[in-house]
Amino acid sequence: MRFLGIIPARYASTRFPGKPLAILGGKPMIQRVYEQVQKSLEHVCVATDDERIQAAVKAFGGNVVMTSDRHTSGTDRCYEAYTQASAPYDVVINIQGDEPFIQPEQIGILKSCFEDERTQIATLVKPFSAEADFEKELFNPNTPKVVLNKNSEALYFSRSIVPYIRGDKHTEWLKKHTFYKHIGLYAYRTDILKEITQLPPSSLEQAESLEQLRWLENGYRIKVGITHYETIGIDTPEDLEKALKFLEEKK
């Protein structure tokens, strides 16, 4: 199968303007993401609407595609970039531009989901540790939770805690059940990618502000791979400071 990795990157982030160009250990963040993705994908490109990001990607020798500034999601930006590809691909992998520590093994897990010809869309989850801080992690609405069926497909994504453990104190929930944290990586068969970008926003999506609920609500299946690697997404300047500390500790 032919896989195309696309990294959507925009400059105008509300919480962290210019985030893809923030310097992390001497390199722009977008370069760190790109280099990590290259370890497991032969074909990679950045999809952006900003000439500053385009220039930065070209400066480190990466592939970059200019896309519309009207896209409301990374999925839509990925599809436009895919339509500009010079060769056919079977699957597009959407890698967040603020995940500089994405592991090649995680992309490998996504790729393996498509060994099943029934897989339409794939994503990743990470089990919460039984020792995790309930308030800071499981109760955090910025960390979406996922419920799986027996076929390792997503039943539902929520900013709330799902499932609710009846009859036990919430401080014991992590010891009673395996809860899953969503890792925001997606892969789509290219025909499915085209279809889902034509769907209107759904009621569940609007309620939770989670785009993937639009796909579930319209009957698409999302295969889920399980990873045990922790990722460090960077949404704010404070997150960048944490990432810099993590980078220093790795040396």
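Me: Which residue of strand 6 is the bridge partner of Leu4?
Reply: Val92 is the bridge partner of Leu4. The model is predicted.

Me: What makes strand 1 and strand 6 count as paired?
Reply: Pairing needs at least two bridges between the strands. Strand 1 (residues 3–9) and strand 6 have four bridges, in the parallel sense, so they count as a pair.

Me: How do you know that strand 6 pairs with strand 10?
Reply: Again, the cut-off is at least two bridges. Strand 6 and strand 10 (residues 180–189) have four, in the antiparallel sense.

Me: Why are both faces of strand 6 called covered?
Reply: Val91 and Ile93 lie on one side, Val92 and Asn94 on the other, and all are buried. In a regular strand the side chains alternate between the two faces of the sheet.

Me: What makes the contact of Glu35 and Lys27 a salt bridge?
Reply: The limit is 4 Å from nitrogen to carboxyl oxygen. Here N to O is 2.9 Å, so the contact qualifies.

Me: Why is Asp50 called buried?
Reply: Buried means under 20% relative accessible area. Asp50 has 10%, so Asp50 is buried. Its salt-bridge partner is Arg52, at 2.8 Å, N to O. Arg52 is partly exposed, at 46%.

Me: Why is Lys176 called exposed?
Reply: Exposed means over 50%. Lys176 has 51%, so Lys176 is exposed. Lys176 meets Asp168 in a salt bridge of 3.9 Å, N to O. Asp168, at 30%, counts as partly exposed.

Note on methods
Residues numbered from 1 in each chain as written. Predicted model: local features only at pLDDT ≥ 70, side-chain atom pairs only at ≥ 80, totals over all residues. Heavy atoms only, no water. Buried < 20%, exposed > 50% of the residue type's maximum accessible area, 1.4 Å probe, protein only. Helix = DSSP H or I, 4+ residues; strand = E, 2+ residues; numbered from the N terminus. Salt bridge = Lys/Arg side-chain N within 4 Å of Asp/Glu carboxyl O.
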